[in-house]
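Open the model in your viewer and keep the sequence beside it. The stops below say what to select next and what is there.

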Amino acid sequence: MSRPIVLQIDRVRTGYGKIPALTDVSLRVPEGAVVAVLGSNGAGKSTLLRVASGAMPCWAGRVLVNGKDIRGKSGWKVAREGVCYIPEGGGVFQELSVADNLDLAQRGGRVSPAALRELYELFPILGKRRDQSAGSLSGGEKRMLALGRAVLLRPKIVMLDEPSLGLAPIVVDQVFETLRVLHAEGTALLVVEQFAARALELADFAWVLAKGRVAFRGWPTQLEDPSVLEAAYLGKARAARDLAEAATSAADATAAPGPGITRHSVAAGGGVAAHRNSSEGTD
Ligand SMILES: Nc1ncnc2c1ncn2[C@@H]1O[C@H](COP(=O)(O)OP(=O)(O)OP(=O)(O)O)[C@@H](O)[C@H]1O
Ligand SMILES: [Mg+2]
């Protein structure tokens, strides 16, 4: 049985002034799933997150969160539906201290001492900086604080724009470890990332945008083939799909799928038919 859809984007069109940035873009995130959105600079990835979080209106199409249309709703109303949007380099209240940022994350009251202790164990640096204003944190520390807020909020879905951008490799590891914690707790993730390999490692489904359109959607393993990735990045949607299907069929020839197929068995050569039969990650 397919999981309920926490985020559904249907044929969205939007842009800046009169210039379109997204055209006819559809995407779904099932409950608890990790969806990676890739694409070159200017492809429309950040715009997609803005629309999905209610930070920007759509010209056409619709966005549903837990089945509810968010058109006309402000960002904070969308947040109340269980959406946590972490924009590039943001997601914190700059003027407030680290401790106050975390307090605010806990709706309706102060964070329980136990929850805070757990969080400070996960991010010791936040404990050390608890009285410092968020605005004075380094880029990596700010990212930790934004993720820490997400851990306390326990939203249905966290949307992250370039979570590893500009961070030292060791901090990137910590960021992805936290995403794994959120995922393990059942939070769905919509991750926009330049660091394709890291995002694909974590993802259940992958989308590639090119020039504001969907150029590919499928399994992360399909994008491990450089020819598929290249075609998708260049916006050659048909070529990317054909190449991905050809590679998967070749794998089928050596391993026939059995009953109870999972994404991971498919990734290991189970076949594209199981993907077609599943409603998850397709539109
Ligand atoms: N505030 C803005 N005003 C005008 N045009 C914008 C604005 N933000 C983005 N755009 C344009 O919309 C298009 C998509 O931009 P977007 O930021 O969504 O791309 P992106 O895929 O996130 O790129 P990057 O990988 O560089 O972050 C680009 O052509 C960009 O120039
Ligand atoms: Mg961007």
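## Two helices in contact

Start by selecting two helices, α6 and α7: Gly 140, Arg 143, Leu 147, Ala 150 and Val 151 of α6 meet Val 171, Val 175, Thr 178, Val 181 and Leu 182 of α7. Two residues are in contact if their C-beta atoms, placed from the backbone, lie within 7 Å. By class, this contact of α6 with α7 has 7 nonpolar, 2 polar and 1 charged residues. Ala, Val, Leu, Ile, Met, Phe, Trp, Tyr, Cys and Pro count as nonpolar, Asp, Glu, Lys and Arg as charged, and the others, Gly among them, as polar.

Show residues 139–153 for α6 and 169–184 for α7; the two axes come within 11 Å and cross at roughly 5 degrees. Axes are lines fitted to C-alpha atoms, for helices over the stretch in contact, and angles run from 0 to 180 degrees between N-to-C directions. α6 and α7 are therefore roughly parallel to each other. Angles under 35 degrees count as roughly parallel, over 145 as roughly antiparallel, 65 to 115 as roughly perpendicular and the rest as oblique.

## The whole chain

This is a predicted model, in which local features need pLDDT of at least 70 and side-chain atom pairs count only at pLDDT 80 or more, while totals for chains, interfaces and linings use all residues. Residues are numbered from 1 along each chain as its sequence is written, and chains are lettered from A and ligands numbered from 1 in the order in which they are written.

Zoom out to the protein, which has 12 helices and 10 strands. Helices (H or I, at least four residues) and strands (E, at least two) are DSSP runs, numbered from the N terminus. Of its 283 residues, 43% count as buried. A residue is buried if 20 or more other C-beta atoms lie within 10 Å of its own, exposed if 12 or fewer, and partly exposed in between, with C-beta atoms placed from the backbone. Among contacts between residues at least 6 apart in sequence, 65% join residues at least 24 apart.

## The six-stranded sheet

Next, colour the open sheet of 6 strands, in the order β6-β7-β8-β3-β9-β10, with mixed pairing. Two strands pair if DSSP finds at least two bridges between them. At the edges are β6 and β10 (213–218), each pairing on one side only. Direction ignored, neighbouring strands of this sheet are turned by 15 degrees against each other on average.

Helix α9 (residues 226–233) packs on the sheet and touches β9 and β10; its direction makes about 45 degrees with that of β9.

Now select residues 157–161, strand β7. Is this strand mostly covered or uncovered? β7 is mostly covered, as 5 of its 5 residues are buried. Ile 157, Met 159 and Asp 161 lie on one side, Val 158 and Leu 160 on the other, and all are buried.

Look at the neighbours of β7. Strand β6 (residues 83–86) runs parallel to β7 and is joined to it by 4 bridges; Ile 86 stands opposite Leu 160. Strand β8 (residues 188–192) is also parallel to β7, with 5 bridges between them, and here Val 158 stands opposite Leu 189.

Further along, 4 bridges join β3 (residues 34–38) to β9 (residues 205–210), again in parallel. Pick Ala 36 to find its bridge partner in β9, Ala 206.

## The four-stranded sheet

Move to the open sheet of 4 strands, ordered β2-β1-β4-β5, with antiparallel pairing. β2 (19–30) and β5 (68–69) each have a single partner strand, so one side of each is left without a neighbour in the sheet.

β4 (residues 60–65) and β5 are antiparallel and joined by 2 bridges. Select Asp 69 in β5, which stands opposite Leu 64. Asp 69 counts as exposed, with 12 C-beta neighbours inside 10 Å. Leaving aside neighbours within four places in sequence, Asp 69 is in contact with Arg 62 and Leu 64.

## Around ligand 1

Finish at ligand 1. Which residues are around it? Select Tyr 16, Ala 21, Gly 39, Asn 41, Gly 42, Ala 43, Gly 44, Lys 45, Ser 46 and Thr 47. A residue is near a molecule or strand if its C-beta atom, placed from the backbone, lies within 6 Å of it. Helix α1 (residues 45–52) gives the largest share of this shell, 3 residues. By class, the shell has 3 nonpolar, 6 polar and 1 charged residues.
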